[in-house]
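Hello,

Here is the structure I promised to pass on. Please open it first, then read my notes below.

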Number of protein chains: 2
Amino acid sequence: MTEKLELGFNVPAKVGQELNEICTPALIVDLDVFERNVATMKCYAEDNNIRLRAHAKTHKSADISAYLIKSGGCCGICCQKLSEAEGLIRAGVEDVLLTNIVVDPIKIERLVALTKQARIIVCVDDLENAKNLAVAAERANTVLECLVEIEVGHMVCGIPIGADMIELAKFVDESPSLKFEGIQAYQGMAQHTYEFSDRQALLDIAIDETRKAVELLASEGLTCNTIGGGGTGTHPFETKSGIYNELQCGSYIFMDVDYLRVKMDDGSYLSDYKPSLFVYSTVVSNAKPGRAICDAGLKAQSVDSGLPEIFGMANVEYVKCIDEHGVLLDPEDKLKLNDRISLIPGHCDPTCNLHEWFVGVRNGVVESLWPITSRGKFF
Amino acid sequence: MTEKLELGFNVPAKVGQELNEICTPALIVDLDVFERNVATMKCYAEDNNIRLRAHAKTHKSADISAYLIKSGGCCGICCQKLSEAEGLIRAGVEDVLLTNIVVDPIKIERLVALTKQARIIVCVDDLENAKNLAVAAERANTVLECLVEIEVGHMVCGIPIGADMIELAKFVDESPSLKFEGIQAYQGMAQHTYEFSDRQALLDIAIDETRKAVELLASEGLTCNTIGGGGTGTHPFETKSGIYNELQCGSYIFMDVDYLRVKMDDGSYLSDYKPSLFVYSTVVSNAKPGRAICDAGLKAQSVDSGLPEIFGMANVEYVKCIDEHGVLLDPEDKLKLNDRISLIPGHCDPTCNLHEWFVGVRNGVVESLWPITSRGKFF
């Protein structure tokens, strides 16, 4: 009884279980494919002599971070929120770039406290904010490493290239409690731009802006140790630019339906990387001919980038996602009650944020359970 | 330090704090509005002499369930997943309708085990499934209450009205380990159908089908103690039908942007109910004129039903939701770094599923912290 309660309440699977014994909906990782994706990017970075700092906003897991550092060629990891960083550092990750801005005074205190536990680098795009960081770091008797986040077309955080940027970088460089580490130049909008030529056009601008920023800073005597950016959808551009020296790809480890739409220059997909992440789901109703209902809806996956696709099953389509159910068109009535299906999520990052465990599967057997350490750590 | 760590890692606020001291993004509840919404529905049900069994799939919170039963006129609560039911019952809720189908053998065992801890009712739409429930309940030496879920136009779970439905209901009625409690007749698709006349057309069909089902069952000597359905968007139809005797509204306690689009027969909105739930967020970047960036993105709210709206602030618009940020158009550059904004979520249910705490606020001060007991309990 205890075992069943435990399975039901917290953990969807046990090591050694067969795939169809997993409690659904669950997030499963095909370990063979996952490891191949990781190895492929590691080789890519090595072959191209560029540093790789994989982004943990995708998986939010300390286990995966450790694997990427040990076996995936990563110099450290990125994350996107302070509480993610805290969760990952608490779980043993030792080199973290927070690719974001921290402005709340209480959070700034927490941020500078992290410098005593691990290497932590943060982004800044505002002089007042940099002053606040400097005061807090000085008070904590520490030095906080900073990247100046620049605007390269993403239009989210980032200061435009120009006099204000230089003033900000100089302030960071001259503050005894801050260290100027370089620039953050991420073109997020381009990652999911499907057509190669459209993506190229966006990256041409981003790379130009980045080059301009580096040159301007150099003319002021400021050297960038890190010129970071690039995601799964654009990293070949940043790599070939000759400007960037650190890639921040995240989704390549898992992929998702939306990334499968991103075309490369020969018209093919991002074909080196295959889906390794699935929402595993059970058919709970087939009371009407031609359709079946599964147990994975909006609370088990994010549909912000479109619906999931059913993996490895022809002529069955996931056509509607409601709160706790998925509606499947099944014209041949293939699916029976309690059958299992594997869904490729529309968008991997926010889907991972809904689950507490990755269930690692190899040859149809559960091999590992990785807690999603920083799930819900969005503050 | 401990206090700050605690705030950062798990709980976004403390009782007694001012609103602007809350760690963002956080899910806040305007307690005055929430209580007014709850009281309004209570009066509606009493005035119309219909039972109210509010749906916990909206909030997933044992505290709110208890409040709705004690002060909201509710005879019990609904929930949508077995693990939600387990979480709520473990936290003290005593009367739970699981408005869903349970097919996995391990889950069926857990379901029948709940009958020893609280009143639990489950839905069935398949004879084989009913047989499995009967065997498990018999083995556990218990009786499991069942509603036969019928198809009324929602096209999710539910057996069409006819001979198979009667066979299923009779099997349930005649099984010593099952109890036939009535029917589940929910038209979910109609809840967010914005135009009154379109909603009416869907409900005309649903009510006709439900009446047919009740009459067919009666002709076989089967009485329905419960004829349940209705949500925030349609409950006046079910109430006036004279057929339904139990409403299952959930969202009325919070409302959301999508429900604010649902028009009533006089062309007005669902005007008795006001937004009480907000994603509270901080401006983290305003490095570019005319726009600001806040810290509430896809991981703090669900956009399946559209973007959030900014509450109580003219000429600022939330125009883009990315993983960890929201992009705000702010042509007058009103927003400064570290300013707070309140967002009405596009869709309340899956937004609540992302957070771990409701921060109850009255007169600008944190009054209560309710854990979202069944967050992530989607299996």
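**The nonpolar core**

The largest nonpolar core holds 240 residues, and those touching the most other members are A:Ile77, A:Cys146, A:Val148, B:Ile77, B:Cys146 and B:Val148. Bear in mind that this is a predicted model. In soluble globular proteins, nonpolar side chains tend to be buried together.

**The barrel of chain B**

Chain B has a closed barrel of 8 strands. The order is E2-E3-E4-E5-E6-E7-E8-E9, and the pairing is parallel.

Two of the pairs are worth a look. Strand E2 (residues 51-55) of chain B pairs with strand E3 (residues 74-79) of chain B over 4 bridges, in the parallel sense. There, B:Arg53 has B:Gly76 in E3(B) as its bridge partner. B:Leu97 stands opposite B:Ile121 in E5(B).

Why is E5(B) largely enclosed by the rest of the structure? Because 5 of its 6 residues are buried.

H6(B) lies across E4, strand E5 (119-124), strand E6 (144-149) and strand E7 (178-184) of chain B. H6(B) runs at about 140° to E7(B).

**Where the chains meet**

The contact between the chains takes 58 residues from chain B and 58 residues from chain A. On the side of chain B, the elements giving two or more residues include helix H1 (2-9), helix H4 (82-90), strand E4 (95-101) and helix H5 (105-114). Helix H6 (127-139), strand E10 (277-285) and helix H10 (348-352) of chain B are also among them. The chain B side divides into 25 nonpolar, 15 polar and 18 charged residues.

**Two domains in chain A**

Chain A is divided into domain 1 (2-29 + 272-371) and domain 2 (48-255). Their C-alpha centres lie 34 Å apart. The contact between them takes 13 residues from domain 1 of chain A and 13 residues from domain 2 of chain A.

On the domain 1 side, helix H11 (348-352) and strand E17 (365-371) of chain A each give two or more residues. H11(A) provides the largest share, 3 residues. That side of domain 1 of chain A divides into 8 nonpolar, 3 polar and 2 charged residues.

Best wishes

Conventions: Residues numbered from 1 in each chain as written. Chains lettered and ligands numbered in written order. Predicted model: local features only at pLDDT ≥ 70, side-chain atom pairs only at ≥ 80, totals over all residues. Contact = placed C-beta atoms within 7 Å. Nonpolar A, V, L, I, M, F, W, Y, C, P; charged D, E, K, R; others polar. Pairing = 2+ DSSP bridges. Axes fitted to C-alpha atoms, helices over the stretch in contact; angles between N-to-C directions. Domains from an automatic or database assignment. Core = buried A, V, L, I, M, F, W, Y, C linked by C-beta atoms within 7 Å. Buried ≥ 20, exposed ≤ 12 C-beta atoms within 10 Å, placed from the backbone.
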